[in-house]
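Good morning, everyone, and thank you for making time for this short talk. Please have a look at the sequence and the structure on the screen, and then I will take you through them step by step.

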Amino acid sequence: DLVRSRGLGDVYKRQAIKVYRVKKIRIIGLLIYLFERGENLDNPGKGGITYLLGTGLTIVLFGNGDIVRGGLLALTFGDSASTIVGKIFGKREIPFIRNIINRRRTVEGALAFVASTTILGSLFVPFKIALLSGIIGCLIEILSPIDDNIVLPIFTSLTLLILYGFM
């Protein structure tokens, strides 16, 4: 069973099936069932909307170039890698995070964020800058009380802009 193998549980499955039946649009219901997070089932598409908002604001604020590419890479690949690796392989929870933002974050997910962002970022910026922005982006992703799809690309791009000034 796909839902059980992803560790999403019966509650998620019931909610997804409810949305699937109510909407009567089979392909959309199936996509919601497969890809939407359990906490977003009442607002399907929230992740896509906040993703577009975050990328749009980043492009408006920073223009076009390596700064923007770095911020968008952090959002697209770093955030995805941290979620996937954290859910599948995450064994060690970062202890103080749940008290701050009431969400579970794992060491494995954080390392996946930094690794993916650093590797891909180093295609556009020097390795040291990519590594530092990956670490700072990971902290932003972990600690932000605001939806990370909005703040992550903006603050990672800001970090890259600042680091370019110092290095």
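**How the helices pack**

Let me begin with a pair of helices: the crossing of α5 and α9 is right-handed, where right-handed means that the near helix is turned clockwise from the far one by less than a right angle, and left-handed that it is turned anticlockwise. Before I go further, please keep in mind that this is a predicted model, in which local features need pLDDT of at least 70 and side-chain atom pairs count only at pLDDT 80 or more, while totals for chains, interfaces and linings use all residues. Residues are numbered from 1 along each chain as its sequence is written, and side-chain values use heavy atoms, with hydrogens and water left out.

Helix α5 covers residues 66-89 and helix α9 covers residues 148-166, and the two pack at an angle of about 140° with their axes 8 Å apart. That angle makes α5 oblique to α9, because angles under 35 degrees count as roughly parallel, over 145 as roughly antiparallel, 65 to 115 as roughly perpendicular, and the rest as oblique. The axes here are lines fitted to C-alpha atoms, for helices over the stretch in contact, and the angles run from 0 to 180 degrees between N-to-C directions. Helices themselves are DSSP runs of H or I with at least four residues, strands are runs of E with at least two, and both are numbered from the N terminus.

Which residues of α5 and α9 make the contact? On the α5 side they include Asp 66, Ile 67, Gly 70, Leu 72 and Leu 75, and on the α9 side they include Asp 148, Leu 152, Thr 156, Leu 160 and Tyr 164, where contact means heavy atoms within 4.5 Å. By class, this contact of α5 with α9 has 10 nonpolar, five polar and three charged residues; Ala, Val, Leu, Ile, Met, Phe, Trp, Tyr, Cys and Pro count as nonpolar, Asp, Glu, Lys and Arg as charged, and the others, Gly among them, as polar.

Helix α5 also packs with helix α4 (residues 46-62), at an angle of about 165° and with the axes 9 Å apart. That makes α4 roughly antiparallel to α5, and the crossing of α4 and α5 is right-handed. The contact is made by Tyr 51, Thr 55, Thr 58, Ile 59 and Phe 62 of α4 together with Ile 67, Val 68, Leu 72, Leu 75 and Thr 76 of α5, and by class it has seven nonpolar, three polar and no charged residues.

**Salt bridges**

How many salt bridges does the structure hold? There are two, a salt bridge being a side-chain nitrogen of Lys or Arg within 4 Å of a carboxyl oxygen of Asp or Glu.

In one of them, Asp 66 pairs with Arg 69, and the closest N and O atoms are 2.8 Å apart. Asp 66 and Arg 69 are three residues apart in helix α5, so about one helical turn separates them. Asp 66 is partly exposed at 30% relative accessibility, and Arg 69 is partly exposed at 35%; buried means under 20% relative accessible area, exposed over 50%, and partly exposed in between, with a 1.4 Å probe and protein chains only.

The side chains of Arg 92 and Glu 108 also meet in a salt bridge, at 3.1 Å from N to O. This pair links distant parts of the chain, 16 residues apart, with Arg 92 in the loop between α5 and α6 and Glu 108 in helix α7. Arg 92 counts as exposed at 53% relative accessibility, whereas Glu 108 is buried, with a relative accessible area of 12%.

**One glycine, and the whole chain**

Is Gly 86 buried or exposed? Gly 86, which lies in helix α5, counts as buried at 9% relative accessibility. Its contacts, not counting residues up to four places away in sequence, are Ala 81, Arg 104, Thr 106 and Gly 109.

Finally, the protein chain as a whole has nine helices and zero strands, and 40% of its 167 residues count as buried.
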